[in-house]
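Welcome! Take a moment to look over the chains below, and then we will walk through them together.

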Amino acid sequence: MLTRALGRTPYYVVAAGLAVIFLFPLLWNAWASVDGQPGTAQETGYGLGNYRTLLDYDAGLWRYLGNSTIVSALTVALTLGVSLLGGYAFARFDFPGKNLLFLLTLAILMVPYATLLIPLYVLLGRLHLQNSLLGLSLVLAMFQLPFATFMMRISFEAVPRELEESALVDGCGTAGALRRVLLPAVRPGLITVGLFAFLAAWNDFIAPLILISDSEKAPLPLAVANLRQQSMGAVDYGATEAGVVVLAVPCLLLFLLLQRHYVRGFMSGALKG
Amino acid sequence: MQVKAPDRATTADRPVVRRPARRPRTAAPRMHSRTIQGLGYAAPTAVFVTVFFLLPLLLVGRMSLSDWPLLAGDRGGNAPENYTDVTDSPLFWPAVRFTLLYTGIVTVVLLGLALLLALLVQESRPGAGFFRTVYFLPGALGLASASLLFWGLYSPTTGPLSRLLERLGLVDDPVSFLGTPTSALLSTVFLVVWKFAGFYMLILLVGLQRIPHEVYEAARMDGASRGQIFRSITLPLLRPSLALSLLLCVTGSLLAFDQFFVLTKGGPDNSTVTVV
């Protein structure tokens, strides 16, 4: 018993040491956001002064949180809707141009992100979606499509054909079969895609940087990045740290909550290439 | 695509006839209706890809050949002036060199650490699940938030790293982690490795778990040492996963932008300007 425990010790020392390195920045940031520092709203002692700065910054924290929530929700909904139907089409139907369309969807991955944003800025202007949260969500959903479509196609392909065919024989249309039979079967895939889309949309920084010019409409990451250099070049570390906490908490919670599905979705095929 | 679909429907079977033929005996009409339905389900994807990807791609091709300031609109072609402008810019070649250097360092460090982490958490010891979660946790953060976080962490005045080193007596003055070109580069590498190691660990873990147990057992029976097993079984069988990670890592680093924009703003002295 003792020798076995000793044999494990190096493993735990290495693993725990690495865990400390990985956790330290997160924990430090959470602590620093409430700790007193000269030059911030929280001069001494512990307290929520930095969060108060954040609440009052420019259009106000609630505004930015609202913007981020709208953008994330729209992006997730668009991504799920399009990739659910698209994945179904690619996995179960034959139609002209199928392979070409699938390849084109994957090709989105191969073009540098920032390169596309400039023409998208011009294009959204023509569609009168410039500087709008809907336009931003459409763009973010487009960038999610390669992963989402790939993932959903694999999820649909993993469902036995007989399941769908028996529903069709029983008189369901393909839409009915999709809704009643296939939807529950591809849920892990949908959760993975949805979580991925949420994390990407919530955290995205470049797309709003280029597409959103009105600070009223900025989502949170952009607002926090702007905030750190507000008053005459003086840097407000405290408020930035508080901003990072506000940005990170929803992501960390969602990830911990959905981790099981997420990892399973990952393992079940997305990366079998 | 959408316009074409109804055409097919009317030539194959009239809408009136189609209703009773919903469950047809013959294969041919059924095939047609399935083709149409497939097109219908794929239509949103097609619209998205066309409007938000292909169109901008064509536009960027045209823009790259024209004099087109964003606010003033198209001013006509001027090829290849934009390209020579780019290559003539004093920032361009250092940016290329810097991007390549950064990519090389990140790829080596990141994949090495990810492999170590994957090997650590793949064993079914108590606590392995916990460590897996911890290593992946930074991955849930956005790159922008992570950059902001490290920006505070690296701060010479309020950041804890500098104070820690001072207290340990390793340095006399506050350390400026982003102050010199080399340290700015290394600090950014640390940030990126911290954020992405868990993600690549997951990819490699999937690969590791697909190696059958029997192979390891056979090797152990033959008296192979741990190092030998790792070199001649784990690494070769892990090649697909390693290749995928390598591809993602290299493309990801070549297109790096967020981390430098937030952390260093290209400084000091434009030393960390990347191509993108």
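Predicted model: local features only at pLDDT ≥ 70, side-chain atom pairs only at ≥ 80, totals over all residues.

Residues are numbered from 1 along each chain as its sequence is written, while chains are lettered from A and ligands numbered from 1 in the order in which they are written.

**Domains of chain A**
- Chain A has domain 1 (1-34) and domain 2 (49-270), with bounds from an automatic or database domain assignment.
- Four residues of domain 1 of chain A and six residues of domain 2 of chain A make up the contact (C-beta atoms, placed from the backbone, within 7 Å).

**Where the chains meet**
- On chain B, 53 residues are in contact with 67 residues of chain A.
- H3(B) gives the most to the side of chain B that touches chain A, namely 20 residues (helices are DSSP runs of H or I, at least four residues, numbered from the N terminus).

**A look at A:Asn131**
- You can find A:Asn131 in the loop between helix H5 (113-126) and helix H6 (133-158) of chain A.
- A:Asn131 counts as partly exposed because 16 other C-beta atoms lie within 10 Å (buried is 20 or more, exposed is 12 or fewer, and partly exposed is in between).
- Leaving aside neighbours within four places in sequence, A:Asn131 is in contact with A:Ile212, A:Ser213, A:Asp214 and A:Lys217.
- A:Asn131 and A:Ala16 are 115 residues apart in sequence and 46 Å apart in space, C-alpha to C-alpha.

How values were computed. Contact = placed C-beta atoms within 7 Å. Helix = DSSP H or I, 4+ residues; strand = E, 2+ residues; numbered from the N terminus.
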